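Hi,

Here is the structure I promised to pass along.

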Amino acid sequence: MQIALTGATGMVGSQVARLLAPRHDLRCLTRSPERAAHLRLPGLMVEADLGDHAALTRALAGAESVLAVTFDPLSPVHDERLLTAARQAGVRHVVKLSALAVTDPQAQDVITQWQRECEERVRASGMSWTLLRPRAFMSNSLAWAGTVRQEGVVRTLHGSSVNSCVDPADVARAAARALTHPECAGRAYALTGPAPVSARRQTEELAAVLGRPLRHEELTEAQALDAWSSRFPRPLAQALLDSARRQAQGAKGEVREGVREATGREPGTFRAWARRHVSSFASGPAAGGSAAETSA
């Protein structure tokens, strides 16, 4: 089966590539194959920009299914161009990485509104589809790696509020299955971890894995907004603040069955994720998720 992956160099896409490579013909779409070469992803690296319709159509020609991962919450144009190119290239099935916040009517921030628009475009594309709706990725905690290493501190807003965050590996497994199994068509999977967890609890889990004490420090809303504004455009930073406020009101703690339904496996715990990524908190550069991942 020939499968095309956008976002192939990202947290989920790279894992999907490794899961599918042994049995399927992969095309990993990237704006710069040279810069992506160090990742040593399996499959064929194909140069294609989501803003270049002709290049997208060529890259997708012959693919039977495509993983749609986009990162521009201030514009739906990338999704629109990807879907148009996929349809013209003869793609039959689209797996869209969305966010669980789309199901919350109280979530009206620009990131969630963008995700809803993207989902509607997928449904109206004329191709069969699967929607993956994860809660926030456990990997968002990689943004704390620098202060954990240097100060033994995790700083967050609303540190006692809980989120049923999900292991990106579980999202990748769900995507891999949806790309290759027809029974996933027409379904939307709500992907969460096995239990709601707060940043304070995650700090305790990291401390246990690292074998040294860590402490959590609470940020004010102004401090959190300033920190997000240093990484993202102001409208996205404001969306993250709105998302954090909803989490503080209890909007993100529900555990759902999507991981089990999509993969047949129990969802991974934060402790298990932390064990696999302990080196990121002990040494090496800090990393962080996209604004869309952070807000789910």
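One definition before the notes: two residues are in contact when they have heavy atoms within 4.5 Å of each other. Keep in mind, too, that this is a predicted model.

With that cut-off, Ser141 touches Phe270, Trp273 and Phe281, leaving aside residues up to four places away in sequence. Ser141 sits in the loop between strand S6 (128–134) and helix H6 (145–151). Is Ser141 buried or exposed? Its relative accessibility is 3%, so Ser141 counts as buried.

Phe270, Trp273 and Phe281 are linked into a cluster by ring pairs. The count of aromatic pairs comes to 2. In one of them, the ring centres of Phe270 and Trp273 are 5.6 Å apart and the planes meet at 25 degrees, so this pair is stacked. Helix H12 (residues 270–276) holds both Phe270 and Trp273, which are 3 residues apart, or about one turn of the helix. Phe270 and Trp273 are both buried.

Trp273 also pairs with Phe281, and that pair is edge-to-face, with 6.2 Å from centre to centre and 80 degrees between the planes. Here again, both partners, Trp273 and Phe281, are buried.

One more thing, on a charge and a ring: Arg123 lies over the face of Trp129, at 5.5 Å from the ring centre.

Cheers

How values were computed: Residues numbered from 1 in each chain as written. Predicted model: local features only at pLDDT ≥ 70, side-chain atom pairs only at ≥ 80, totals over all residues. Heavy atoms only, no water. Phe/Tyr/Trp six-rings, centres within 6.5 Å; stacked < 30°, edge-to-face > 60°. Helix = DSSP H or I, 4+ residues; strand = E, 2+ residues; numbered from the N terminus. Buried < 20%, exposed > 50% of the residue type's maximum accessible area, 1.4 Å probe, protein only. Lys NZ or Arg CZ within 6 Å of the ring centre and 35° of its normal.
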